[in-house]
Amino acid sequence: MCDPNEKVPLIHGRIVDGTVEPEPPPKLPPPKPWDAAKRLRALRALDPVPGYVYLLRCDVSGVVKIGVTLSAKQRVKGLIGSAPTPRTVLGLATIRPRGLAFRIERNLHSLFADRRVHGEWFRLTAADLDFLGAHLGFAVPKSVADLPR
């Protein structure tokens, strides 16, 4: 049987005058300030291959595809060449690291979810396109030949 007067050693505290006094938590060093630019440079160094977020407009209906690819030239050529209606590249953003390009595309789909027509196609306004151009730095290629890779 257990003796109620037996003193049992405590791992995280001590007994003082018959009461348990908890030990203070260990002191941790203060967190280092988070430097987003430094982290992004480190990520780019690990994965120097860019991804591309593109905007492609169907000239007949006016809907815009928000897409992502690792090979801009091949992807846009395929989308334009296979289309029964004319399409125009509205913009292309080069994003490093490439994994960030996929996250940006996903976030843009969420941002414009209320304007979704079907899949990755959206009915965007001129203000929406200006917003995207200002925040993501979309470059407008003169032709498909001007697209990277």
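Start with the largest nonpolar core, which has 16 residues. Select Val53, Leu55, Ile66, Leu108, Phe112, Leu124 and Leu132, those with the most contacts inside this core. A nonpolar core is a set of buried Ala, Val, Leu, Ile, Met, Phe, Trp, Tyr and Cys residues joined through side-chain atoms within 4.5 Å; buried means under 20% relative accessible area, exposed over 50%, partly exposed in between (1.4 Å probe, protein chains only). β3, β4, β5 and α3 each supply at least two residues of this core. Helices (H or I, at least four residues) and strands (E, at least two) are DSSP runs, numbered from the N terminus.

This is a predicted model: local features need pLDDT of at least 70, side-chain atom pairs count only at pLDDT 80 or more, and totals for chains, interfaces and linings use all residues. Residues are numbered from 1 along each chain as its sequence is written, and side-chain values use heavy atoms, leaving out hydrogens and water.

Next, pick Leu108. Leu108 touches Val53, Ile66, Leu132 and Leu136 (heavy atoms within 4.5 Å), not counting residues up to four places away in sequence.

Now show the sheet. Its 5 strands form an open sheet in the order β5-β3-β4-β7-β6, with antiparallel pairing (two strands pair if DSSP finds at least two bridges between them). β5 (87–95) and β6 (116–118) stand at the edges with a single partner strand each, so one side of each has no neighbour in the sheet.

Finish on Thr69, in strand β4. Buried or exposed? At 10% relative accessibility, Thr69 counts as buried. Its side chain reaches the backbone nitrogen of Ser71 at 3.1 Å.

Methods
A polar contact is a pair of N or O atoms within 3.5 Å; within protein, one must be able to donate a hydrogen and the other to accept it, and residues adjacent in sequence count only if both atoms are side-chain atoms.
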